[in-house]
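Hi,

Here is the structure I promised to pass on. Please open it and keep it beside this email as you read.

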Amino acid sequence: MTKPPRPPRSKPLLRDDGGPLQSRPIRKRNPAQPALPFDPMPPRVEPALALLKQKPPSGDDWGWEIKWDGYRLAVHVEPTGVRIITRGGYDWADRFPGIEAAARALGSATMILDGEGVVLDEQGRSDFNALQNSLGAVGRRSGNLTAGNALFMAFDLLYLDGRDLRGEPYRTRRHLLEETLRGFEGAIRLSEEIEADPAVLLDHACRLGLEGIVGKDRKSRYRSDRTGDWIKLKCVQSEGFLIVGYERSMGARGGFASLLLAAYKGDELRYVGSVGTGFKERTAGALRAAMDKLPWRRKVPPVPYKGKRRVVWVQPTLIAEIEFRQWTPDNKLRHTAYKGLRDRQDNADVFRLDDLEK
């Protein structure tokens, strides 16, 4: 007698009634079980800023590198693409196509690189005016708002492959940054740490026409704002000041003889002097046009002013980058020169007179 066939041990892929297949319901995770060590990538990180010092601190706990003169940027390499975030929180990936392409070429890792977007001159020095001209920050008459020749000088690593590194000491973040960029060639470059006495390094930097040097406490975690963990020493002082007015001139380039400048004292603006040099004909004309387009021009100054100049006062909106040699005892700038106009989206600092007391 033939035995009947045995029923299959496994269930068929298709049910006899034609109904959809369903998996077992997913059980809720037991809260007692540890979660995976994954830190979500922050959408934006407020940058750590360097505190201006007149002389370097003593000790061996500081790492030193060149101070770059450009736009502070954070490069976010994410699963969905690359974002290049300014201090003001704007995505400028379309303005830095070379840096964006380099970030994509880094590979599949997710990361946040902190650094400076710069354009270098023939001697390898960062040139803020060249970068500004590439981006069309003044007037935007060219309609070309890209800096295809810009480089990103990376000097910190804040996030890497699911790990938030801001709580790690700087020496650890620096090691991981060097490993991440080891052998990489492109528009993203490592801002080299230089083993040298900072006083000697500053002297060499000034001789080469560089802006200065930056020191970072190797034991410090990454903290936003100007905490003193990072410091800067400058060859020539350069800061951002609000333009509050200008002197008319029929003979000068752009139709003005000088710009009147202001800085913050607490929450109020204070007049800190003027600048009448450093203007090129093209930039001066574009700057005058930008000032004339401001929402208001009036006889009442936006700052306390006791001078006798015939000034056209303007809304304190435009931020000028000004080089100067020193401050007078009554907090006025001496030996000034105009470097360029900062973009509001770059969220450039306006100098605070309170910092002179630190």
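Below are my notes on its salt bridges.

This is a predicted model: local features need pLDDT of at least 70, side-chain atom pairs count only at pLDDT 80 or more, and totals for chains, interfaces and linings use all residues. Residues are numbered from 1 along each chain as its sequence is written, and side-chain values use heavy atoms, with hydrogens and water left out.

Side chains of opposite charge can pair when their charged atoms come close. A salt bridge here is a side-chain nitrogen of Lys or Arg within 4 Å of a carboxyl oxygen of Asp or Glu. The whole structure has 28 of them.

Start with E65 and R174. Their side chains form a salt bridge at 3.8 Å, N to O. E65 sits in strand β2 and R174 in helix α3, so the pair ties together parts 109 residues apart in sequence. (Helices, H or I with at least four residues, and strands, E with at least two, are DSSP runs numbered from the N terminus.) Both residues are buried, meaning under 20% relative accessible area; exposed is over 50%, and partly exposed is in between (1.4 Å probe, protein chains only). E65 and R174 also join E178 and K216 in a network of salt bridges.

Next, K67 and E211 meet at 3.3 Å, N to O. They are 144 residues apart, and each lies in a loop. K67 is buried at 16% relative accessibility. E211 is buried at 12%.

Last, D203 bridges to R207, with the closest N and O atoms 2.8 Å apart. Both lie in helix α4, four residues apart, about one turn. D203 is partly exposed at 37%. R207 is exposed at 67%.

Best wishes
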